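Here are my notes on how the two chains meet. Please read them with the model open.

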Protein chains: 2
Amino acid sequence: MARKSGSHSEITGPRIRTEAQRLFARHGFAAVSMRQIAAAVGLQAGALYLYTPDKETLLFDLLKGHMDDLLAAWARVPAAATPLGRLESFVRFHIRFNLERAEAVFLSYMELRNLGPANFAAIENLRRAYENELEAILRAGQAEGGFLLPDSKLATLAIIAMLTGVNIWFREGGRLALATVEEIYWDMVRKAVGA
Amino acid sequence: MARKSGSHSEITGPRIRTEAQRLFARHGFAAVSMRQIAAAVGLQAGALYLYTPDKETLLFDLLKGHMDDLLAAWARVPAAATPLGRLESFVRFHIRFNLERAEAVFLSYMELRNLGPANFAAIENLRRAYENELEAILRAGQAEGGFLLPDSKLATLAIIAMLTGVNIWFREGGRLALATVEEIYWDMVRKAVGA
DNA sequence: TTTGATATTGAACGGCTGTTCAGATAGCCT
DNA sequence: AGGCTATCTGAACAGCCGTTCAATATCAAA
C-alpha cells in the first residue's frame, strides 16, 4: 500500500499553511513568493505543488478554513436565554476569537481581492452567514422590545466593524487586559443598541 | 528659462498619482507594476521616475496626501459649541469624507506595511493626530458630564473603526441614502457614549 | 531485500520586476 | 529661426516570478 505513520505529508501540509499564513499576513499575498514559503518550511518551491494546485488556492484554503473555524466555534458557544445575553456572548466571542487568530483575520479582510470570482463568492457567503448570526440576535431583541435600533443590518455591520477594530491596536501585556477590553466594548455595544 | 504654461509635468504628475491610487486600491501595491501605472497614464515606465524617486515613495506620497487632506478638511469644519455638537460633526464628517475618497482610505488602511520604518512612522503620527481630535471631544464631553464612557481612548478607536466600516458596504444608490446612513450611525454613536 | 508508492529536488520555461540612462522629441523663449 | 531644456522613449540590467517535470531519495510493506 503506502506509508502511513511518519508520512511527511501529514506534517508538511499544515506547516505550509502555517508559514503561508504568517508570510501573507506580514507582507501581503502578492509580495510573498512561492519560493519564500517553501524556504520557510525548508523545501524547494516545486514541492509546494504536491499540496496546492496553485498560489491562489493556497490563499483560498486559508481564508475558507478561517471562516469555517469561525462559524464552527460560534456554533459551539451555548446560546443564552435572552437576546441581551446572546448579544453579550457574541461580543465577547468575537473579540476573543479574532484576537486569537489575528493573522487569519487580517488575511480575511485584506486579501479577498486576490481571489477569483468563484472563490471570492464562497468566502463572501460565509462572511454573510456570520453576519446573519448577529443580525438574528439584534432582530430578536428588537422584536422583544429590549433593543432600540433604527436598522438591524447597519447595526450588525457597525458592531462587527467596531469589534474587529480591536485587532488593530490590542497587544498582549498592554495597558488593558483582554477581560477589561471585553467589558468596555460590551458596555458600548449594549448602549449602542439601546439596551 | 523653461517652459511654463502647458508644461506637461503639471498634468502628468497628478495623473500618475491618480492612476497609481486607482490601481493600488484595486489590486494592491505589490501586485501593481510601474509599467502598469505608466500604461494607464500613457507613458513608458522610465518616465515615472521624473515624478517619483521610487515606487515606495509614490505610495507614501498618496498616503501622506490623504492624511494631510483629512486633517485639513476636519480643521475647516466649524467647531460646534458643545461636545455633543462637536461629536455629531465628527461623525458626519468622517463618514462623508471617507466615502468621497474610498480608494485613498482603503490604501491608508491596507498598504501601510509596504512603507519603510520612517515613512510608516510619519503616517502613523498623522493618524494619531486625527484620533486625538476625536478623543479630545470625548474627554470634553466626559468632563462636562454629558458623556458616560469607561475609557476615552478605546471609545475613540471603537467609534473610528465603526464609522470607517461604512466604506466596506456603502454604495451610491443602494438601499439607504447617505444622509440616512449618517443619521443612523450618529444615533448609535450618541447612545454608545451615553449621551 | 526487493518492491513500489510517497515525498522531494533541481533545473528549466517564458515572462515579468524596479530602475537606469543615452538618445530622441517637443515646445517656450529670445 | 534657432537654441535650450523639460519631457519622454526604448532598450538594457540583473534578478525574481509561478509553475512544470524528469530524476531521485526515502521509507513502509511484502
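Which side chains meet in a salt bridge at 3.0 Å, N to O? Glu111(A) and Arg113(B) do.

1. Basis. This is a predicted model: local features need pLDDT of at least 70, side-chain atom pairs count only at pLDDT 80 or more, and totals for chains, interfaces and linings use all residues. Residues are numbered from 1 along each chain as its sequence is written, chains are lettered from A in the order in which they are written, and side-chain values use heavy atoms, without hydrogens and water.

2. Extent. Chain A and chain B each give 35 residues to the contact (heavy atoms within 4.5 Å). The buried area is about 2800 Å², with 68% from carbon and sulfur atoms. Buried area is the accessible area (1.4 Å probe) lost on putting two parts together, summed over both. Arg113(B), Leu154(B) and Lys191(B) supply 24% of what chain B buries against chain A, more than any other three residues.

3. Polar links. There are 4 salt bridges between the chains. The rule is a side-chain nitrogen of Lys or Arg within 4 Å of a carboxyl oxygen of Asp or Glu.

4. Makeup of the chain B side. By class, the side of chain B that touches chain A has 22 nonpolar, 5 polar and 8 charged residues. Asp, Glu, Lys and Arg count as charged; Ala, Val, Leu, Ile, Met, Phe, Trp, Tyr, Cys and Pro count as nonpolar; the others, Gly among them, are polar.

5. Shared surface. 100% of the interface residues of chain B are also interface residues in chain A, so the copies meet through the same surface.
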